[in-house]
Amino acid sequence: MHIRFDVPADPAYPGRVAAALSRVRLRRYGYVGAVLVAVGVISFVVSRGFAWGDRISPVSMAMVVGGLLSMAYSPWVQWRARRRSSRYAVEGAYDITDDNIMMRSGSESGGIAWDGVARVTDTPEFWIVYVGRMPATVIPRRLMSGEDAETLRAFMAERGLLQPR
């Protein structure tokens, strides 16, 4: 297998990559926030029925506010990543073989050996490549030909790397 494609200098592309990678790492903040909001609302409602409820109400409200802030953290980070990364738009390229994924962006280049890839997550726009537990890079499907995308999908599935979102 040998797949090669170029990445144009699109100012929106680095932001989409940054948002996709941060979404993966920040998902837990949304879950923690939802739990805090639920527990805070339940404790606030329950405390209204007891004499000691006025002592618990501030804690309940703090849990709700903290939960809402935690839920807002991920979208805020994604927004900042999109905004800040737009100035990093440079032409690049991917060169994917049976052995590794080589990426070039401007004057920088780097690679990831398939032997070091732990898993690949499928998202609507990218394949997110993990080395260990951390997302290392993305492979943009929309910049590839349909035939190349299917070849790469089959290769990753054959190696047992491809996992649904």
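User: Which residues touch the most other members of the largest nonpolar core?

Analyst: This is a predicted model, in which local features need pLDDT of at least 70 and side-chain atom pairs count only at pLDDT 80 or more, while totals for chains, interfaces and linings use all residues. Residues are numbered from 1 along each chain as its sequence is written, and side-chain values use heavy atoms, with hydrogens and water left out. A nonpolar core is a set of buried Ala, Val, Leu, Ile, Met, Phe, Trp, Tyr and Cys residues joined through side-chain atoms within 4.5 Å, where buried means under 20% relative accessible area, exposed over 50%, and partly exposed in between (1.4 Å probe, protein chains only). The largest such core has 28 residues, and those touching the most other members are Y94, I96, W114, I139 and L152.

User: Which element gives the most residues to this core?

Analyst: Helices (H or I, at least four residues) and strands (E, at least two) are DSSP runs, numbered from the N terminus. Elements giving two or more residues include α1 (13–47), β2 (92–97) and α3 (146–158). The element that gives the most, with five residues, is β6.

User: Is S57 buried or exposed?

Analyst: S57 lies in helix α2, residues 53–85. Beyond its neighbours within four places in sequence, S57 is in contact (heavy atoms within 4.5 Å) with F44, S47 and R48. Because its relative accessibility is 9%, S57 counts as buried.
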